[in-house]
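Here is a friendly walk through the model, meant to be read with the structure open beside you.

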Amino acid sequence: MELIIQISYLLAAVLFILGLKQMSSPVTARRGIHWAGAGMVVATLVTFAAEEITGNEQAATNVMLIIIAIGLGGGYAWYTGKRVAMTDMPQMIAMYNGMGGGAAAAIAAVELLKAQAAVQAGRASSIHDYLGADVAVLAILGAIIGTIAFSGSIIAWAKLDGRLNSNKLLPQQQLINLVLAVVLIGLAIGVYLAGSLNLIIAFFVLALVLGVFITVPVGGADMPVIISLFNALTGLAVGFEGYVLGNAAMIIAGTVVGSAGTLLTHLMAKAMNRSVANVFFSGFGTGPAAAAAADVDGTQKEIQAQDAGIMMAYANQVIVVPGYGMAVAQAQHKIWELTQLLTEKGVKVKFAIHPVAGRMPGHMNVLLAEAGVPYDMIYDMEDINADFPNTTVTLVIGANDVVNPAAKKDPASPLYGMPTLNAEASQNVIVIKRGRGTGFSGVENSLFVADNTRMLFGDGQKVANELIQAVKEL
Amino acid sequence: MIEGLAALYIFLLAGFTGFEIISRVPVILHTPLMSGSNFVHGIVLVGAMIALGIAETTSQQVIGFVAVLLAAGNAVGGYVVTERMLEMFKTTGKPGSGSDKQGAHK
């Protein structure tokens, strides 16, 4: 049986890797998640036969508890996962990720408590004496990482879900975090060397607090980077606890996610022109640079939906630049309808997606896909930037910072250096916007006052409807 | 059990594998992929089941129970949301299986 279990774990690990690999292309992506899901089912089922579970006195009770816990946890996640709106996807991923981190930490807690009991009963002199040095170190490391990912992810979820808006906690937060981190390492060493129950409890409590303290000061715009980082950290924690339990599937899957997640975090931070360290140790736009770059001269010129519609209907090519504002206004379905009308009239329509459009890279693609936009009409920034000069009308809806020319031209702007979409290079730009305010970063946008730009003020969905009417009437 | 150097090999190779998988992914799939990798570390469920299985005292059982509860949430939730996202991707020429459901939206 042991051999069957091990082979099943190996099979699961292979299915995970092949599944993730297939998720790297839109054509095979869906098959990918099915394969990975099959791997998970196989791994879970064979674990019921594992010696650790069947081979002891409380087997009956514990197996029952396992089934109840899977039913409750899985049922809750199934229910929430089926219901969550596509716009709320980032925080839901944060939530599920936090649960994984918490689970890894809890595994470590069980191991440490068992070792602690052995020390207390005199069967070992310390926790590392009972577990072995390597297992003890990785159990404790996994506990730290998993716990921080757990409490941090919950804060990330609360912030993205609009339940927590404060960025400030205590004065000198960074210094306090540093001190806490040092104390936490001290406690970790204490747990390793000694093994008192109080030390273990203090260790976990402090790690929980640190996760909260690290995440609270991070601004909303940087949240995707944090979520991605916690995702990678959870993977790492799972890999470490896999070593503790001697479980190959956990080691492989956890480590794959750990490294893939680290790279993904780096890619996201790069797309946003932020370093990962920067995200943690400074608020966005709080420096003097933000104030200095805030001046934009010129006036915003308005246009009516009727005229905008005519302009697009007679265009050769229209590029739509959607932002999170479009999703908030639930305008994506209307925009797709408009796109279909324009296509019927012989206008070539493309969608240009900035890497950080939406709340995390790729989020906008999901929202467009939900509205029915085929993915071969959607272009990444690198692929479409050269195409803007050949474009009659660029329709910017609910996006702001990602089309701000200051990122290319103005070294004083906090956005400077961030890769942006060259919307200003197209012949005409129409910007659909609720009002005259600034974007997520609070930075003024010189595109809005450019000579070839017309502003179309109003709620995204309502304006899109008016555009559809205007095009239909032609 | 997997120990010492053998484990180090596995860690390293798995690390490279993860790196390779991500480096070829178009931005359009980043969110589903983050969600997908989030699902994959739901394998922690297997460890949580073992942790509850080896629990001896009540406090260990409680923590083990919480571990399985959270891990099952990670695995099931991660799968459901990833599947929902990927279900929607389709091309102009060949509508995918997600197209039927999209009709209801309009």
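B:E87 is buried, with a relative accessible area of 16%; here buried means under 20% relative accessible area, exposed over 50%, and partly exposed in between (1.4 Å probe, protein chains only). Before going further, please note that this is a predicted model, in which local features need pLDDT of at least 70 and side-chain atom pairs count only at pLDDT 80 or more, while totals for chains, interfaces and linings use all residues. Residues are numbered from 1 along each chain as its sequence is written, chains are lettered from A and ligands numbered from 1 in the order in which they are written, and side-chain values use heavy atoms, with hydrogens and water left out.

**A salt bridge between chains**

The partner of B:E87 is A:R30: the two form a salt bridge, with the closest N and O atoms 3.9 Å apart. The term covers a side-chain nitrogen of Lys or Arg within 4 Å of a carboxyl oxygen of Asp or Glu. By this rule there are nine salt bridges over all chains. A:R30 sits in helix α2 of chain A and B:E87 in helix α4 (residues 58–87) of chain B, so this pair joins two chains. Helices (H or I, at least four residues) and strands (E, at least two) are DSSP runs, numbered from the N terminus.

**The interface**

How many salt bridges does the rule find across the interface of chain A and chain B? There are three. In terms of contact (heavy atoms within 4.5 Å), 105 residues of chain A meet 84 residues of chain B. The two chains bury about 8,700 Å² between them, and 76% of this is on carbon and sulfur atoms. In chain A, the residues that lose the most area to chain B are A:R30, A:I33 and A:M40, together 7% of what that side buries. Buried area is the accessible area (1.4 Å probe) that two parts lose on being put together, summed over both.

**Salt bridges side by side**

| Pair | Closest N and O atoms |
|---|---|
| A:R30 and B:E87 | 3.9 Å |
| A:D161 and A:R163 | 2.8 Å |
| A:E424 and A:K408 | 3.8 Å |

In the second pair, A:D161 is partly exposed at 27% relative accessibility, whereas A:R163 is exposed at 58%. The pair of A:E424 and A:K408 links distant parts of the chain, 16 residues apart: A:E424 is in the loop between α19 (406–409) and β5 (428–433) of chain A, and A:K408 in helix α19 of chain A. A:K408 is partly exposed, at 37%. Salt bridges with shared partners also join A:R30, B:E83 and B:E87 into one network.

**Elsewhere in the model**

In helix α16 (residues 332–344) of chain A you will find A:Q340, partly exposed at 30%. A:Q340 and A:S126 are 214 residues apart in sequence and 70 Å apart in space, C-alpha to C-alpha.

**How confident is the prediction?**

The predictor's confidence in each residue is its pLDDT, from 0 to 100. Chain A has a mean pLDDT of 88, with 94% of its residues at 70 or more. Within chain A, helix α2 (residues 29–47) has the highest confidence, at 95, and helix α13 (residues 288–292) the lowest, at a mean of 40. Over residues 284–294 of chain A pLDDT stays under 50, and the model has 13 contacts beyond four places in sequence for them.
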